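Biologist: I'd like to learn how to read a structure like this one. Could you walk me through its features?

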Amino acid sequence: MASCTSLPRSGPDHKDVDRDAAVKVTTKERRVGIDYALVDLSKNVLSYFTAPQPTSFKGFGGGRGGAPEIPLGYGDVVQVAIFEAQSGGLFIPSDAGSRPGNYISLPEQTIDRNGTITIPYAGRVPAAGRLKETVEQDVEDRLASRAIEPQVVITTTTSRSSQVAVLGDVNNPQRVEISPAGERVLDIISAAGGLTTNNIETNVTLQRRGKTATVAYTTLLKNPAENIYVAPDDTISIDHERRTYLALGAAGVSGRFDFEESNLTLGEAIAKAGGLRDDRADPAQVLLYRLVPKKTVQAMHVDTTRFSGEMVPVIIRANMRDPATLFAVQQFKMEDKDIIYISNSDSVELVKFLDIVNSVSSTVSGVADDANDTSNAVQDLGN
């Protein structure tokens, strides 16, 4: 019987896991191999393993109210029209009364690298980073002493500065020009042809002036507050993140499984893998392997001095014989690359051993004759 521990199996025995844990919440410590912490799933433990809070676009502003005003920028092509109250002024000749309107249109010009435009008799006028209305007023003030009640209208003919780059898993990656009406994040994604992947596991990353935030695409659909207005020079990246977990041991089906849903729980993950096998599994030894941030483990008042990195290997043990655990596993959120291992029952190990003994001595009459062979077979198992 002592040789049962030497029988073939698909993973570590639950007794080995319990005995060799470097840090345990419920039992005394022992160090062996790779250090890990063993934590029993309970009501108190659940609060430390809540779903991670996603980042938000709200910190960028532009979620409510009207569209933000878009200033002029470097490289924009503008046209300037100057009106005077009557002919005979600085720009309007005396014979201008024969034509409609007392104005002239200056040739189109590009806001240069210095951020300025040139207006006759007003000189070089700063334009980049300023609203059109502000630049118009500036030009009027400069011409007030020379022209007759000047009025200035600036029109953007080509906007190169107010564009947003959208790339990644979209049908048509490109730079999208922002209109005065304002575009939100979903508008930009739509202008790029929409997603090429399943929206369930797609993330949207917004970069703006050195600041970055990522939200799930489904969050943008469900929460309008996250669908903020974009700003010039924003970069929007669309990425599909395939999330998977492994199910091993006495699960109904062993293998790698996709999350598919956005918030898969431990209970759903076990069910997705076919549940626990009635003929093999020990319901009290359902183990989840995960790397957990050290600060989370420390919050549980666990000694982490044995762990040098920022992540701590943790085995979370769920006792499915306890009816309350069924509620707990439905609240425990799975994470990408988790591993579920379901231990074999002790009785399964005994049956394995008896099958080997039975294969050595298959008949009652042969038991005495094959006793020596059986002893040798058991000895080999021990080795």
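**Charges, rings and strands**

Modeller: Let's start with a charge and a ring: lysine 211 has its charged end over the ring of phenylalanine 60, 5.0 Å from the ring centre. The rule here is that NZ of Lys or CZ of Arg lies within 6 Å of the ring centre and within 35 degrees of the ring normal.

Biologist: Before we go on, what should I keep in mind about the model itself?

Modeller: This is a predicted model, in which local features need pLDDT of at least 70 and side-chain atom pairs count only at pLDDT 80 or more, while totals for chains, interfaces and linings use all residues. Residues are numbered from 1 along each chain as its sequence is written, and side-chain values use heavy atoms, with hydrogens and water left out.

Biologist: Now ring against ring. How many aromatic pairs does the rule give?

Modeller: Rings of Phe, Tyr and Trp (its six-membered ring) pair if their centres lie within 6.5 Å; planes under 30 degrees apart are stacked, over 60 edge-to-face, and the rest tilted. That rule gives six aromatic pairs. Take phenylalanine 49 and phenylalanine 332: the pair is tilted because the planes stand at 40°, with the ring centres 5.5 Å apart. Phenylalanine 49 is in the loop between α2 (43-46) and β3 (77-83), and phenylalanine 332 in the loop between α8 (323-329) and β18 (339-344), so the pair ties together parts 283 residues apart in sequence.

Biologist: Are phenylalanine 49 and phenylalanine 332 buried or exposed?

Modeller: Both phenylalanine 49 and phenylalanine 332 are buried. Buried means under 20% relative accessible area, exposed over 50%, and partly exposed in between (1.4 Å probe, protein chains only). Tyrosine 245 and phenylalanine 259 make an edge-to-face pair, 6.1 Å centre to centre with 75° between the planes. Tyrosine 245 sits in strand β14 (residues 244-249) and phenylalanine 259 in the loop between β15 (255-258) and α6 (266-272), 14 residues apart. Both tyrosine 245 and phenylalanine 259 are buried, and ring pairs link Tyr245, Phe257 and Phe259 into a cluster.

Biologist: Salt bridges next. What's the idea, and how many salt bridges does the count come to?

Modeller: Side chains of opposite charge can pair when their charged atoms come close. The cut-off is a side-chain nitrogen of Lys or Arg within 4 Å of a carboxyl oxygen of Asp or Glu, and the count comes to 13 salt bridges. In one of them, aspartate 258 meets arginine 242 at 2.6 Å, N to O. Aspartate 258 belongs to strand β15 and arginine 242 to the loop between β13 (235-240) and β14, so parts 16 residues apart in sequence are tied together.

Biologist: Which residues does arginine 290 bridge to?

Modeller: Among them is glutamate 335, with the closest N and O atoms 3.6 Å apart. Here arginine 290 is in strand β16 and glutamate 335 in the loop between α8 and β18, 45 residues apart. Aspartate 338 also forms a salt bridge with arginine 290, and there the closest N and O atoms are 2.6 Å apart. Arginine 290 is buried at 7% relative accessible area, aspartate 338 is buried at 2%, and glutamate 335 is partly exposed at 29%.

Biologist: And the strands? How should I read a sheet?

Modeller: Strands of a sheet pair through backbone hydrogen bonds, either parallel or antiparallel. Two strands count as paired if DSSP finds at least two bridges between them. Strand β16 (residues 281-293) pairs with β18 in the antiparallel sense over five bridges, and leucine 287 stands opposite tyrosine 341 in β18.

Biologist: What does β3 pair with?

Modeller: β3 pairs antiparallel with β8 over seven bridges, where isoleucine 82 has valine 152 as its bridge partner. With strand β4 (residues 103-105), β3 pairs antiparallel over three bridges. β3 is mostly covered, five of its seven residues being buried.

Note on methods:
Helices (H or I, at least four residues) and strands (E, at least two) are DSSP runs, numbered from the N terminus.
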